[in-house]
Amino acid sequence: MSRSGTPFVLVNPAAGRGRRRARVRHYLKQLERHIGPFEPALTQRPGDEVRLLDNALRDGVDCIVALGGDGTWGAAADRIMASGRREVALGLLPVGTGNDFGKSLGIRHERAGEVMRAIAERTTRTVDVGHVGDRYFLNVVGMGFDIAVIDDAERTPLLRGDMLYQFCALKQLFRFPGIKLGIAEGNNSPNEWLDVLMLTISNANYFGGSFHIAPRAKLDDGKIDLVAIRDAAPATRAHLFNAVSKGKHERLKQVELRTAVSFSIYFEGRLRFEADGEVYTSPCPLVVSCVPRALRVCVPAE
């Protein structure tokens, strides 16, 4: 049984394109063995997470368990942060397409039992959280090629998981036209503009299913890691794609790396970007920052 109150359990049945309902049922049954009886809250349409989470936080829940992927996890973190209740613990169970944030903490399907024990016992690790625009994020903010891949994945119904993102990324290597961005640390103006294939600003290490985009990122250093990959011909793009998948892109001349507390990204017009896999639109500039050691995540003890 739980050492504290019963956690609020949020379930996104549409996570993983709705193809992991059997895993959801299995997790709910196993979770009850660890925390006792509970009534899960199921989302039915986009935006339900906000209402359900805000109601639970107002009711004084001390732990939120999110069954979903990066989008669901990011929504849970966002509402905890927005509530100001940093004592609330967040438990993550992976049923999404990429489940990228969990990989940086060792939260995988194979360790679900250990994660549930950590939830029951409130064994937590305090991690940094990112902030972009008017919301908080857990994993990564991406723009350029990243958005093209997400759009393509929405049009590719037959694949899922890491294979889906790898397939769509391979296609977009030959189709995406690139994007021009200005990069500055803090609230400064950019001293140069770059033609980039992709730009990511990471709190954690992985994105897109299996791409080791920010190998040096740490979840408790009070900083975020920017990776700008300059645009190139298709053959060079393919080489970069392979290097990123292995986390071996840091020394390539087409790759620029920066670490800071915050970044301002400049562009012409409005910019589509993704935060934890959810797509948004921003006026210029887009400001991304780190909120240090802001969230308790339930993680098995080392």
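In this predicted model, Asp78 and Arg79 are joined by a salt bridge, with 3.0 Å between the closest N and O atoms. Both partners sit out of the solvent: Asp78 is buried, and Arg79 is buried too. This pair belongs to a set of 18 salt bridges found in a search of the whole structure.

A second example is found in helix H4, which spans residues 100-103. Here Asp100 forms a salt bridge with Lys103, and the closest N and O atoms are 3.5 Å apart. The two residues are 3 positions apart in H4, which means that about one helical turn separates Asp100 from Lys103. Asp100 is buried, as is Lys103.

The salt bridge between the side chains of Arg216 and Glu250 has an N to O distance of 3.2 Å. This pair links distant parts of the chain, its members being 34 residues apart. Arg216 lies in the loop between strand E9 (193-202) and strand E10 (224-230), while Glu250 lies in the loop between helix H8 (234-246) and strand E11. With a relative accessibility of 57%, Arg216 is above the 50% cut-off and therefore counts as exposed. Salt bridges also come together in a network, whose linked members are Glu192, Arg230, Glu256 and Arg258.

Strand E11 itself covers residues 255-260, and Ala260 is placed in this strand. The relative accessibility of Ala260 is 8%, so this residue counts as buried, the limit being 20%. Leaving aside residues up to four places away in sequence, Ala260 touches Glu185, Lys223 and Ile224.

Attention now turns to the aromatic side chains. The whole structure contains 4 aromatic pairs, according to the search. For Phe207 and Phe211, the ring centres are 6.0 Å apart and the planes meet at 50°, so the pair is classed as tilted. Phe207 is buried, with a relative accessible area of 6%, and Phe211 also counts as buried, at 6% relative accessibility. Together with Phe241, Phe207 and Phe211 make up one aromatic cluster.

The largest pocket has a volume of about 1,000 Å³. Its lining is made up of 41 residues, of which Asn12, Gly71, Asp276, Gly277 and Glu278 are the closest to the centre. Several elements each supply at least two lining residues, namely helix H2 (48-58), helix H3 (70-83), helix H6 (145-154), helix H7 (161-172) and strand E14 (278-282). Helix H3 gives the most to this lining, contributing 6 residues. Sorted by class, the lining of the largest pocket holds 13 nonpolar, 15 polar and 13 charged residues.

Methods. Residues numbered from 1 in each chain as written. Predicted model: local features only at pLDDT ≥ 70, side-chain atom pairs only at ≥ 80, totals over all residues. Heavy atoms only, no water. Helix = DSSP H or I, 4+ residues; strand = E, 2+ residues; numbered from the N terminus. Buried < 20%, exposed > 50% of the residue type's maximum accessible area, 1.4 Å probe, protein only. Contact = heavy atoms within 4.5 Å. 1 Å grid on protein atoms, 1.4 Å probe; cavity = no way out; pocket = protein on both sides within 12 Å on 5 of 7 lines; lining within 4 Å. Points joined across faces, edges and corners; volume = space filled by probe spheres on them. Nonpolar A, V, L, I, M, F, W, Y, C, P; charged D, E, K, R; others polar. Salt bridge = Lys/Arg side-chain N within 4 Å of Asp/Glu carboxyl O. Phe/Tyr/Trp six-rings, centres within 6.5 Å; stacked < 30°, edge-to-face > 60°.
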